[in-house]
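User: Hey, can you walk me through this one? I'd like the surface and the charged pairs.

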Amino acid sequence: MEVGDSEFTVRYMHFLFTHFPVDLDADCAYRADNAQWVEANQTEVGARRETICVLRSARQIIEKLRQLEVYDNSTIVIKSDHGKKATYYGSEPQNLGFSGSSEWGYDRYRPLLMIKPAGREADGMAMTDRPAAISDLAATLCAAGPTKRRCGDYPGVDLMSPTGTDEPPVRIFVPKSANSTHRFEDLKPVELERGTDLREL
C-alpha cells in the first residue's frame with residue numbers, strides 16, 4: 001500500500017485463506033500438507049487458532065496505515081462473509097443446524113464485523129450487541145463517504161449512527177432441507193425482526 005494524491009480512496013481486499021477447511025495455524029503457517037494435522041484441526045479450537053492468524057494479518061494492514069500516517073483518517077471495516085459450519089462445534093447453539101443441515105448452522109449466520117470510523121480516537125475496543133446484518137454495510141459506508149448522496153436508497157442502517165427504534169428487518173437465506181447446498185435454488189428467504197434469536201427459526 002502507498003499514499004496517492006486522491007482526496008478520497010477506497011481499497012477492498014478479499015481473502016480466501018480462512019475458508020473451509022482449516023489449514024492454517026495461529027501463526028499463519030500452512031499445515032494442510034499434513035493429513036493428520038488437518039483431520040485433528042477441523043474443530044472449534046482449530047477454527048479459533050486460524051482466527052488468530054486472521055486478526056494478526058489484519059493488524060499488519062492497520063500498522064501499515066499507521067506508517068503511512070492515514071490511519072486516523074481511515075474508515076476500516078473487517079468482516080467475514082459467514083461463520084463456520086455447525087460441524088466445527090460440539091455444543092449449542094453453535095452446533096445447531098437449520099433444516100437438519102450440518103453445513104448451514106447457527107454460527108454461519110453470525111460473522112465477524114468490526115468497524116473503525118475515520119477520526120475515532122479511543123483507548124480500546126468497544127463491543128456492542130446491536131443486531132446488524134451484512135446488508136447494513138452499504139448504508140454504513142455511504143454515510144462514511146465524502147458525498148453521502150442518496151444514502152437513503154440503501155435498505156440497511158448506518159451502523160455508526162445511534163440505534164434506532166424502527167430499524168428495518170433483515171433478510172437471510174436458510175436451507176430448504178438437510179441436503180441444501182449454497183446454490184440459490186436450495187435456499188429460502190426469511191425476514192427477521194432485528195434481535196430475533198436465530199434458534200427460533
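**Surface patch and salt bridges**

Analyst: Met-1, Met-13, Phe-15 and Phe-17 make up a nonpolar surface patch, with about 350 Å² of accessible area together. A patch takes residues with over 30% relative accessible area and no salt bridge, joining nonpolar side chains (Val, Leu, Ile, Met, Phe, Trp, Tyr) within 5 Å and like charges within 9 Å. Areas come from the Shrake-Rupley method with a 1.4 Å probe, and for residues only the protein chains shown count as cover. This is a predicted model: local features need pLDDT of at least 70, side-chain atom pairs count only at pLDDT 80 or more, and totals for chains, interfaces and linings use all residues. Residues are numbered from 1 along each chain as its sequence is written, and side-chain values use heavy atoms, without hydrogens and water.

User: How many salt bridges are there in the whole structure?

Analyst: The search finds 12, each a side-chain nitrogen of Lys or Arg within 4 Å of a carboxyl oxygen of Asp or Glu.

User: Where do Glu-44 and Arg-48 lie?

Analyst: Both are in helix α2 (residues 44–67), 4 residues apart, about one turn of the helix. Helices (H or I, at least four residues) and strands (E, at least two) are DSSP runs, numbered from the N terminus.

User: What about Glu-191 and Arg-171?

Analyst: They form a salt bridge too, at 3.7 Å, N to O. That pair links distant parts of the chain, with Glu-191 in strand β4 (residues 187–192) and Arg-171 in strand β3 (residues 170–175), 20 residues apart.
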